[in-house]
Amino acid sequence: MATLTFIGAGQMASALTFPTFENGHEVRLVGTPLDRDVIDGLRENNYHINLKRTLHDGIKYYQIEEMEEAIKGADVILGGVSSFGVDWFAEEVLPKLNKDVPVITVTKGMIDREDGSMMTYPDFWKSTEAGKDLNLNAIGGPCTSYELADKDDSAVAFCGTDIDTLRYLKSLFETDYYHVSLSTDVTGVECAVALKNAYALGVSLAVGLAEKREGIGAIHYNSQAALFGQSVREMRKLLALAGGQDDNIVYGAGDLYVTIYGGRTRKIGTLLGRGMSFDDAMQELAGVTLESIVIATRTARAVKALAKNGKADTKDFPLLMHVDEIINQGKPVNIPWTAFETETIL
């Protein structure tokens, strides 16, 4: 039996308590300063007020002030913050961790640099003084928290620089419903799954456009499928620009699929497709964490920087550029369909 300390009681981290606890491990769940009500509720009856699932009886719950106690004796640390908590995790958590204890995180996203290159969150944490000596790993792939909690078969990738560490982590997490592949291509896996948020917003525009024409509840799949295909085409090109292996697209495409079918990113894309302005849509969804806006903005900014340096062409990314125009320039939705057309001559 191992002891796993999860820092961040968000939905995905909390869902991961199911396979790990069921594998016989001691699981400690620590809330961030934003999770106080979550931890209070869990301590009362094991019910997670955001995940809307009852966690296993026997999991130990800690408020943020008790984090150091929860870390003591841990064999693995899991980082469960959203992309908005990346700096907090670097400043408040990493300095307290033992360099001999592996860390694995569920945070999805990338940071763009001035030259257009993209940095993964594990690489960002590794670049800090507190993180430079840590064994940092990450989880990516098509897996929603509530379906994991319901034990629907889910396939993900654990990525990191040391394959032996990854094999150890896999032994702790994998069950007959949580299936884990391993990869030392951290950039490839992390880039692929980060991009899905930006493109899920793009595909969801078709949902709103159908409702704008025919009323709420109307749905058409041709337009969604066309935008999905264009998204995968652009994601593959971005993956190559980032230096990731092409096969990682399976994680990004799969993650794109599950994200389109529900959640926060679908909501913002649908509202925009209906004709609502970006500012009004953001106001309607006030208080909702929208990582898609962050990654779309960063990725578009990176492509523009690469194009300026002659390393990319913005014309290769018409859907991404249009999403950027909508959210950062206030332009109305007007899908550039003809820009998606290609000619293939063998």
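UniProt positions are given here in the numbering used for this structure, with feature names shortened, and such annotations may be inferred rather than shown by experiment. With that in mind, an unreviewed UniProt entry lists residues 185-334 as "domain: Glycerol-3-phosphate dehydrogenase NAD-dependent C-terminal". What you're looking at is a predicted model.

**The annotated domain**
- The stretch that UniProt lists, residues 185-334, is 73% helix and 0% strand.

- Ile219, Tyr221, Tyr257 and Tyr261 make up a nonpolar surface patch of about 450 Å².
- To find Ile219, go to the loop that links helix H9 (186-214) to helix H10 (221-242).
- Ile219 counts as partly exposed because its relative accessibility is 35%, and partly exposed covers the range between the buried cut-off of under 20% and the exposed cut-off of over 50%.

**A negative patch on the surface**
- Four residues, Glu147, Asp152, Asp153 and Asp176, form a negative surface patch.
- One of them, Asp176, sits in the loop between helix H8 (163-173) and strand E12 (178-183).
- Asp176 has 64% relative accessibility, so this residue counts as exposed.

**Two residues with a positive phi**
- Asn46 isn't a glycine, yet its phi is positive, at about 70°.
- You'll spot Asn46 in the loop between helix H3 (36-45) and strand E3 (47-48).
- Is Asn46 buried or exposed? Asn46 counts as buried, because its relative accessibility is 12%.
- Lys52 isn't a glycine either, and has a positive phi of about 60°.
- Lys52 belongs to the loop that runs between E3 and strand E4 (53-54).
- With a relative accessible area of 51%, Lys52 is exposed, since the cut-off for that label is over 50%.

- Met12 is part of helix H1 (residues 11-15).
- Met12 is partly exposed, because its relative accessible area is 23%.
- How many residues apart along the chain are Met12 and Cys143? They are 131 residues apart, while their C-alpha atoms are separated by 8.8 Å.

Conventions
Residues numbered from 1 in each chain as written. Predicted model: local features only at pLDDT ≥ 70, side-chain atom pairs only at ≥ 80, totals over all residues. Heavy atoms only, no water. Patch = residues over 30% accessible without salt bridge, like charges linked within 9 Å, V, L, I, M, F, W, Y side chains within 5 Å. Areas by Shrake-Rupley, 256 points an atom, 1.4 Å probe, with all protein chains shown as cover. Salt bridge = Lys/Arg side-chain N within 4 Å of Asp/Glu carboxyl O. Lys, Arg positive; Asp, Glu negative; His and termini not counted. Charge placed at Lys NZ, Arg CZ, Asp CG, Glu CD. Helix = DSSP H or I, 4+ residues; strand = E, 2+ residues; numbered from the N terminus. Buried < 20%, exposed > 50% of the residue type's maximum accessible area, 1.4 Å probe, protein only.
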